[in-house]
Amino acid sequence: MTDTAPDTINYEAPAEVEDVELYHPKSFVTKYIWSQDAKVIAIQYALTAIAIGLVALVLSWLMRLQLGFPEMFSFITPESYLQLITMHGMIMVIYLLTALFLGGFGNYLIPLMVGARDMVFPYVNMLSYWVYLLAVLVLVASFFAPGGPTGAGWTLYPPQAILAGTPGQSYGIILMLASLALFIIGFTMGGLNYVVTVLQARTRGMTLMRMPLTVWGIFVATILALLAFPALFAGAVMMMFDRLLGTSFFMPDIVEFGENLKYGGGSPILFQHLFWFFGHPEVYIVALPGFGIVSDLISTHARRNIFGYRMMVWAIVAIGALSFLVWAHHMYVSGMNPYFGIFFAITTLIIAVPTAIKVYNWVLTLWRGNIHLTLPMLFAIAFILTFVNGGLTGLFLGNAVVDVPLSDTMFVVAHFHMVMGVAPILVIFGAIYHWYPLITGRMLNQAMGHFHFWVTFLGAYAIYFPMHYLGFIGVPRRYYEMGDVAFVPPSAHTLNEFITVAALIVGFAQVVFIFNLTWSLFKGRRSERNPWRATTLEWQTPQMPPAHGNWGKELPVVYRWAYDYSVPGAAQDFLPQNLPPDQVAASAAKP
Amino acid sequence: MNLIRQLTEKPWVPAQARIDDQHRGGAFRLPAATLALRAFLAVVTVLFTLLILSYGTRMEFEDWRPTPPLRLLWVNTAILVLSSLAMQWAAVCARRGEIDGVRNGLLAGGAFAVAFLGGQILAWRHLNMLAAFDITNPAIAFFFLITALHGLHLVGGLVAWGRTTAKAWRGSDIAHVRLSVELCTVYWHFLLLVWLVLFGLLFSGNDNLGVLLTLCGLR
């Protein structure tokens, strides 16, 4: 891949930016707490998301203890088990993955990668984080409310979500719905920032098609989130009305203990439509930033330009558009018209095409690349494998005829954990190992990193591969315990014990990872500038870690796309995006 | 911005690089705030479209009970039109550089908006006092939900309006407030449009949306 011939280019002088454009913090509080700097906000988002994610991790251990060793833990009751699964799911999907990818990586990487000083609306960006934090606190409050958090399942299906008998019916569900509404308001503030920054605040020479795929992934995912979250917002507000004001948006006529409830005439299916109109794009809100980041990790660590850059961008856009047309494949068992089901099965299978293109392109980027098996690369390869696995079971479940018998079994649990649990979290780990030196100036410890990688990667398969089998034999999800039923052989119980032990070991590896994050902050090896020899702009700042305002007096000027690795004739095996063409010539002239 | 053309560029080709090097960075010749407002309007459009679709879906059920139309809503609609007109007046004055006109327009626009909100609350009370009032009736529940959400968006607009009005009062530099006034006006017109659609389809007569559904072959 050759770059522009240096002698034919008249490149422009870098743009100087007036000082007044940028907000300057004046005290410790405005610098680190009420900060308007996207990088600080990113770290605030990430730390909050990781903290609440650890809570969800502990919840999953408790669930696994109950499933693996039923009747051994008296403090896990059937009610608290339902609360565990609900809070685990909701926290992981919304408050960890969405917040970490968009609020965390989005805030840190977008301004740096497009060559901007900050987000376009720093104040709104700051508000976004604080509203998110409030949403998390409201969610946490539900653990301490009378009756505990809601146990309605992360899908919060009515009517049972707000009826007596469901744990957390008194306060838990109210706090959950309020927290979701707050999260969406906070996200919208941040999301508008990300979109407008990508569109309007790019530096000179940074065309859309010169952007790294990380920015493309986060950009399109943000658009999806902006358009999908209103559906969840509407659903949450309507359910809140049903719970607090006695309306019946989602509540049909219900007889409870021989008595007619005050509700009547509502449609529970309406909630399912609203929920999944949000819920399916949500899968891609989590996946697209992952796709983008993995593309950049693979390209950088294989020293090779990404294969089929344009097709990668088109695939991201196509997946984004198609993700709004597949939501009802989550509802095959809701009694829908079979023709409706066929339509959604077809759109679901179509979405596999751009997704498969991406997988092929990642593999073809690796093909004959100069692969460095660094930690980010290991996680990126693990992501590809895991995503393919989870994606293939998705093809099974996307077909209504296969989905109906497998619905609400452990097969579904295994599928979605592989595809949108383990796969995105592997990208997050890879991304943290990749960008930690940029953020802190120090490298993460390699030994602990390898331990973390191998235990997490192999452990995830030890957990989820057997779970597919449990689903095949009909073990249902969300059941507190199976008891003695004829169709579940004793081996299934042994398998459950095995899965629990594996889950606890993988959980321990995450504790090591958190320790590594903290330990390396103080004791880690000091990183050189641009340790991965990457081309993208975030590594080319005057200081590392980037200072307030990201760039010096002048903004960088971009002369090439983000993937000029191993360019023939160049002295180095990478050409940073802002390296002027005359300097390429100088380096090429050296023997 | 021609999206298709941009997406088909080959950024690694030298000829394309020569073109790309001249790129100034922004995708649109617009202030960032204008683009952000447009994006936000798209988000709000999705929200209200989903609510209208939910309403329409619910109407298809056999037990649908319509509510008696409230005459007061016609008055409220007229007030909101006046509010929008006043804001438009402020925007025109801002373009001409007449700061007094901007101030008067903003004041009138804000006052009419507050009056509209008051009128909506009055409409809620009217509905509450009707003999046919039953909170489990989805038509009534939707009315409260949708008008409340529309009203909240207007309240949010009033926050921006307050900042703009304060700015217009503090300084006489018209260039400083022009963009804010224009963005407020766009938002006001948008909320008026949303209200007209909501009022026209859902709240002015019970079968308006039904006719539309029939025309679309959904009924």
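Before any distance between domains, a word on the term: domain bounds here come from an automatic or database domain assignment. Keep in mind also that this is a predicted model.

For chain A, that assignment gives domain 1, residues 36-253 + 262-521, and domain 2, residues 528-591. The centres of domain 1 of chain A and domain 2 of chain A, taken over C-alpha atoms, are separated by 34 Å. Where the two meet, domain 1 of chain A puts in 32 residues and domain 2 of chain A puts in 27 residues.

Which elements give two or more residues to the domain 1 side of that contact? In chain A they are helix 3 (78-114), helix 7 (268-301) and helix 12 (410-440). Helix 12 of chain A gives the most, with five residues. By class, the side of domain 1 of chain A that touches domain 2 of chain A has 13 nonpolar, 11 polar and eight charged residues.

Next, the contact between the chains. Chain A contributes 50 residues and chain B contributes 37 residues. On the chain A side, the elements giving two or more residues are helix 5 (172-200), helix 6 (213-245), helix 7 and helix 8 (309-322). Helix 6 of chain A gives the most to this side, with 10 residues. The side of chain A that touches chain B divides into 31 nonpolar, 13 polar and six charged residues.

Now one helix pair inside chain A. The axes of helix 3 of chain A and helix 5 of chain A come within 10 Å and cross at roughly 25 degrees. Since angles under 35 degrees count as roughly parallel, helix 3 of chain A is therefore roughly parallel to helix 5 of chain A. The crossing of helix 3 of chain A past helix 5 of chain A is left-handed. Helix 3 of chain A makes this contact through residues including A:Gly103, A:Gly106 and A:Pro111, and helix 5 of chain A through residues including A:Phe183, A:Gly190 and A:Tyr194. By class, the contact of helix 3 of chain A with helix 5 of chain A has eight nonpolar, four polar and no charged residues.

Last, chain A as a whole. Chain A has 15 helices and two strands. Its radius of gyration is 25 Å, close to the 25 Å that the globule rule gives for 591 residues, so chain A is as compact as a globular protein of that length. Along its principal axes, the C-alpha trace of chain A spans about 85 × 50 × 50 Å.

How values were computed
Residues are numbered from 1 along each chain as its sequence is written. Chains are lettered from A and ligands numbered from 1 in the order in which they are written. This is a predicted model: local features need pLDDT of at least 70, side-chain atom pairs count only at pLDDT 80 or more; totals for chains, interfaces and linings use all residues. Two residues are in contact if their C-beta atoms, placed from the backbone, lie within 7 Å. Helices (H or I, at least four residues) and strands (E, at least two) are DSSP runs, numbered from the N terminus. Ala, Val, Leu, Ile, Met, Phe, Trp, Tyr, Cys and Pro count as nonpolar, Asp, Glu, Lys and Arg as charged, and the others, Gly among them, as polar. Axes are lines fitted to C-alpha atoms, for helices over the stretch in contact, and angles run from 0 to 180 degrees between N-to-C directions. Angles under 35 degrees count as roughly parallel, over 145 as roughly antiparallel, 65 to 115 as roughly perpendicular and the rest as oblique. A crossing is left-handed if the near helix is turned anticlockwise from the far one by less than a right angle, and right-handed if clockwise. The radius of gyration is taken over C-alpha atoms; the globule rule is 2.2 Å times the number of residues to the power 0.38.
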